[in-house]
Amino acid sequence: MQTESAAGSQASSGNQEVSSASVKTEDEETRTVTDATGRQVEVPVHPQRIAVAAMVLPNMVYALQGTADNIVSMPPAAYSGWEMSTLKYLAPELENVDTTMVNDDFSVNVEALAAADVDLVLNWDTQTDQAEQLEAVGIPCFLVTSATDMDSLKSLVTMLGDALNCQDKAKQATDWYDETMSYFDSKADQVSALTDDQKPRVLHFQNVNQMTCYTKGINPSITDLEGGQNFTLPEEVTEVTMERILAFDPEIIFISNFDNVTPQDFYENKLEGQDWSQVSAVKNHKVYKVPCGLYRWAPPNAFEKPLYMYWTAQIVQPEIFNDYNIGDTIRSFYADFYGYDLSDEELSALLREEMNS
């Protein structure tokens, strides 16, 4: 399966131009928008039946629209993300969403989508052949580029906002991203004053069982910003091995929600074929299950990536990033952006407090 972090082509920061124009057809009003490949795509002014083929994008569609009523199909992995996320509280309408017409590898059943009267498909910019097949049967397909840094995440949100005719909400989101980066920039002098010995070695797992890690892109850049040293691989190497991890000896390990592995599995050394008993992060009980808000926070295209930054920063450099309460920060964002008040139980589940205790 292609991973989400590699789903789109490499984005160049802030260079995706967004343009649109409204036209009137015999049946309904449409708008012409430019997608990440430069294609002119005629989309409904108000899409009524959206199929989201990229597993991470339903969280963005909900965040921008404030509803998921018009999402008719999403991949199985997106549905499993809904089940463990705050999105199940905010968008209970997705409980019975179809997961058979679009797949975890970003492929789609063109005939089924046509029969279901889908009026817009969202997918990655690697799926140009598929887009042509969809448009041959009258279904517009809007393609976007996977983020590699905060600037390209802003571009992705802006482009989706234009496709969905939710430009104001997209602007609110990107303003929040800018505010977050300004906060971290304000800590830059303190971070740059750290010696290498004061910068903990950090490992971001994508999937523990498959031994895949975030060694490039947005997560390592966040680690640098926060004053940590991220696990990386030599340019010519793609395979993560236990030997390389042991040589790195991570002092902090973040594990995503793409598997069911818990910090306790590390502490009890229960992972088959892996021996973590001598790793510093395990010996010092600094293994953390990454929160799952509107979606899993670990992937590069998580809409709530700033919350991930605030959360990891207090683990990587707690003395520098000590001027906010992460629970209050999350509650405030949910109230301001989604109009939703998280209960104590919902916030605890979001933060994976029981697993991280």
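Which residues line the largest cavity? They are Met 55, Pro 58, Asn 59, Met 74, Ala 78, Gly 81, Trp 82, Leu 87, Leu 294 and Tyr 295. This is a predicted model, where local features need pLDDT of at least 70, side-chain atom pairs count only at pLDDT 80 or more, and totals for chains, interfaces and linings use all residues. Residues are numbered from 1 along each chain as its sequence is written, and side-chain values use heavy atoms, leaving out hydrogens and water.

**The cavity**

A cavity is a set of points, on a 1 Å grid over the protein atoms alone, where a 1.4 Å probe fits but cannot get out; lining residues have an atom within 4 Å of a point. Grid points are joined across faces, edges and corners, and volume is the space filled by probe spheres set on the points. The whole structure has one cavity of 30 Å³ or more. The largest cavity holds about 50 Å³ of space. Its lining has eight nonpolar, two polar and no charged residues. Here Ala, Val, Leu, Ile, Met, Phe, Trp, Tyr, Cys and Pro count as nonpolar, Asp, Glu, Lys and Arg as charged, and the others, Gly among them, as polar. Helices H1 (57-65) and H2 (76-84) each supply at least two lining residues. H2 gives the largest share, three residues. Helices (H or I, at least four residues) and strands (E, at least two) are DSSP runs, numbered from the N terminus.

**The four-stranded sheet**

Four strands form an open, parallel sheet in the order E5-E4-E6-E7. E5 (71-73) and E7 (141-144) are the edge strands, each pairing on one side only. Two strands pair if DSSP finds at least two bridges between them. Ile 50 has Ile 71 in E5 as its bridge partner. H1 lies across E4, E5, E6 (120-124) and E7, at about 140° to E4. H5 (residues 128-136) touches E6 and E7, and its direction makes about 165° with that of E7. Contact means heavy atoms within 4.5 Å. Axes are lines fitted to C-alpha atoms, for helices over the stretch in contact, and angles run from 0 to 180 degrees between N-to-C directions.

In E8 (residues 201-207), six of seven residues are buried, meaning under 20% relative accessible area with a 1.4 Å probe, protein chains only.

| Partner of E8 | Bridges | Sense |
|---|---|---|
| E10 (residues 229-230) | two bridges | parallel |
| E11 (residues 252-255) | four bridges | parallel |
| E9 (residues 212-213) | two bridges | antiparallel |

Val 202 stands opposite Asn 230 in E10, and its bridge partner in E11 is Ile 252. Asn 207 has Thr 212 in E9 as its bridge partner.

Conventions. On a 1 Å grid over the protein atoms alone, a cavity is a set of points where a 1.4 Å probe fits but cannot get out, and a pocket is an open set with protein on both sides within 12 Å along at least five of seven lines; lining residues have an atom within 4 Å of a point. Buried means under 20% relative accessible area, exposed over 50%, partly exposed in between (1.4 Å probe, protein chains only).
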